[in-house]
Amino acid sequence: MTHANNRLEPPERLVRTLSLDPPESPARRWLAALPGTAQEWLRRWELTLERVQEPGGRTSLVLLVRQPDGTPAALKLTPPDGTAALEHAALTRWDGRHAVRPLRADPDGGALLLERLHGDISLRSLAEPKAQLEAAAVLQRLWVPPGDDHPFGGVAEHTAALAAGLREHREQPWAADARALADEALELRDALTADSAEEPVLLHGEFHQGNVLAGDRSPWLAVGPRPLVGERAYDLAWLVGDRVDTLLAAPGSAAAARRRVSKLSDSLDVSAERVRGWAVFRAVSSGLAELSSGRRGRGELLLEFGGLL
């Protein structure tokens, strides 16, 4: 059990992200109640709190805990929006093969008890070429059939919602300089969803170097999926844009970005043109979404990256 003097305040990153939502939104209500909610899960599952994981995620709280027998674990709490159920379904499907293993779950309550990984050591601790090589090896092994009667949405359906948001942002006065890029991104998305003949697989959905952590039973394990079903090229989009700030600050950034597309595509036998298309769409749609939320620095970086490709 946790002790009363242990503090359960949400990390600053989580507060900053969810504070952008309207005050009466479910996410804001969840955030306000989070310390009490966390205490309740610790009590219910008889967990002893060690500390809050910092800086943590942007949409979840992770607590480092001990189970009743002393075994270390991580308690992940998410808003009650269905993400925990999908994450648990994907992790169960992978069953610990190159992904974190779920130990206990209450998906409807947004609570997942996961095996403890080394949360401070991600692939971003490695030199960039080595990190990309290791990331590709992990990702390739996550691409499995989704299984019968799976609960996961498709890439076409998911990106239709992103495209609708992109069209809305495109019309705003502050997006005037990005309209040509937005139009290209929308055209690419339409073409990609119209002609994918590849057998769909289970995708991680948010795969980047920061979502691959060091483990004890395996050197690197994936965490934090936002699972979808679709073509493999979609899953490479964030990996292509990893460490985007460092990439853009270096000379020859456009050539370096294109080399990333080529190397990842070749190593995983995926169409380079489709990887580029999804990388552009995801960078531009996310970049304009960031700008609309007031996160100007990150938004401008993503748009610049999308333009380079």
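**Entry 1: the model.** I am working from a predicted model, so every value I jot down here is computed.

**Entry 2: strand β5.** Is β5 enclosed or open? I looked up residues 111–115, which make up the strand, and five of the five are buried. Buried here means under 20% relative accessible area. I therefore wrote down β5 as largely enclosed by the rest of the structure.

**Entry 3: β5 and β3.** Next I checked the pairing with β3, residues 72–77. The two strands run antiparallel, and I noted five bridges between them.

**Entry 4: β5 and β4.** Strand β4 covers residues 102–106 and is also antiparallel to β5, with four bridges joining them. Here I marked A105, which has L112 of β5 as its bridge partner. β4 and β5 form a hairpin with four residues between the strands.

**Entry 5: A89.** I then moved to helix α3, residues 83–94, where A89 sits. Is A89 buried or partly exposed? Its relative accessibility is 22%, so I logged it as partly exposed, given that the buried class stops under 20%. Leaving out residues up to four places away in sequence, A89 touches P151 and F152. I also looked up its distance to S25: 64 residues apart in sequence, and 26 Å in space from C-alpha to C-alpha.

Notes:
Residues numbered from 1 in each chain as written. Predicted model: local features only at pLDDT ≥ 70, side-chain atom pairs only at ≥ 80, totals over all residues. Heavy atoms only, no water. Buried < 20%, exposed > 50% of the residue type's maximum accessible area, 1.4 Å probe, protein only. Pairing = 2+ DSSP bridges. Contact = heavy atoms within 4.5 Å.
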